[in-house]
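Subject: Structure for you to look at

Hi,

Here is the structure I promised to pass on. Have a look at it first, and then read my notes below.

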Amino acid sequence: MGELAREVPSHAVHLCVDMQRMFSRDGPWPTPWMERVLPNTVALAGHAPEKTIFTRFITPHRASDLPGTWARYYEKWQNVTRERLDPCLLDLMPELQQFVPPAGVLDKMVYSAFANGRLHAELRARQCDTLVVSGSETDVCVLSSVMAAVDHGYRVILAADAVCSSSDESHDALTDLYRRRFDIQIEIADTGQIIGEWRR
């Protein structure tokens, strides 16, 4: 696993991306690794629940509610629109719900957790400059959120054993990309190392 450049500061925030039932083995978009990495995500949230923000990917009521290629996307995936989807599948995984509150929940309708501006405003209010990132999927919403965090100037620590994807190949490729091209802005470590280096 990677090395942390320095300790994790007390004002760091754990951003847990889209660990929802819809991406579990019982959902319409199953991510096979989710159950495997879930204990590590629980450990991160349990270490600092008051410093954890969960995101939820919320689908539109119907495809036509969103513009452009999003409408085309949901024409293909009509089974996950809210007029057809069991609303319970939008919930966080049951093991994570226990942390809310004090953990916060931020809903989004696109890949990036930063897209609507609310997350960045919340992090600024907390004087946070460091994000510990976990969640689903490594190559979609986690990727989009991590790159947006880099654009905003955050130090990003990716919990490598607490992210998951439906594609082993792209998960591994992105982890390698982060190490090779973004080593100053993105650090990679396992959950135990992050918790051990996180000041309280």
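Let's start with helix H5, which covers residues 141-151. In this predicted model, the buried residues of H5 are Cys141, Val142, Ser145, Val146, Ala148, Ala149 and Val150. Just after H5 comes Gly153, which takes a positive phi of about 90 degrees.

How much space lies in the largest pocket? About 160 Å³. Sorted by class, its lining has 8 nonpolar, 2 polar and 1 charged residues.

Next, the aromatic rings. The structure holds 11 aromatic pairs. One of them is Phe23 with Trp29: their ring centres are 5.9 Å apart and their planes sit at 15 degrees, so this pair is stacked, given that planes under 30 degrees apart count as such. Are these two residues buried or exposed? Phe23 has a relative accessible area of 6%, so it is buried, and Trp29 also counts as buried, at 11%.

Another pair is Phe57 with Trp70, where the ring centres are 6.5 Å apart and the planes meet at 45 degrees, so the pair is tilted. This pair links distant parts of the chain. Phe57 belongs to strand E2 (residues 52-57), Trp70 to helix H2 (residues 68-76), and the two are 13 residues apart. Phe57 is buried, with a relative accessible area of 2%. Why does Trp70 count as buried? Its relative accessible area is 19%, and buried means under 20%, so Trp70 falls within that class.

If you'd like to see how the rings connect, colour Phe23, Trp29, Phe57, Trp70, Tyr73, Tyr74, Trp77 and Tyr111: ring pairs link these residues into a cluster.

Last, the record. An unreviewed UniProt entry carries the annotation "domain: Isochorismatase-like" for residues 13-188. In the model, the end C-alpha atoms of that span lie 16 Å apart, and the span is 34% helix and 20% strand.

Over to you!

How values were computed
Residues are numbered from 1 along each chain as its sequence is written. This is a predicted model: local features need pLDDT of at least 70, side-chain atom pairs count only at pLDDT 80 or more; totals for chains, interfaces and linings use all residues. Side-chain values use heavy atoms; hydrogens and water are left out. Buried means under 20% relative accessible area, exposed over 50%, partly exposed in between (1.4 Å probe, protein chains only). Helices (H or I, at least four residues) and strands (E, at least two) are DSSP runs, numbered from the N terminus. On a 1 Å grid over the protein atoms alone, a cavity is a set of points where a 1.4 Å probe fits but cannot get out, and a pocket is an open set with protein on both sides within 12 Å along at least five of seven lines; lining residues have an atom within 4 Å of a point. Grid points are joined across faces, edges and corners, and a volume is the space filled by probe spheres set on the points. Ala, Val, Leu, Ile, Met, Phe, Trp, Tyr, Cys and Pro count as nonpolar, Asp, Glu, Lys and Arg as charged, and the others, Gly among them, as polar. Rings of Phe, Tyr and Trp (its six-membered ring) pair if their centres lie within 6.5 Å; planes under 30 degrees apart count as stacked, over 60 as edge-to-face and the rest as tilted. UniProt positions are given in the numbering used here, feature names are shortened, and annotations may be inferred rather than shown by experiment.
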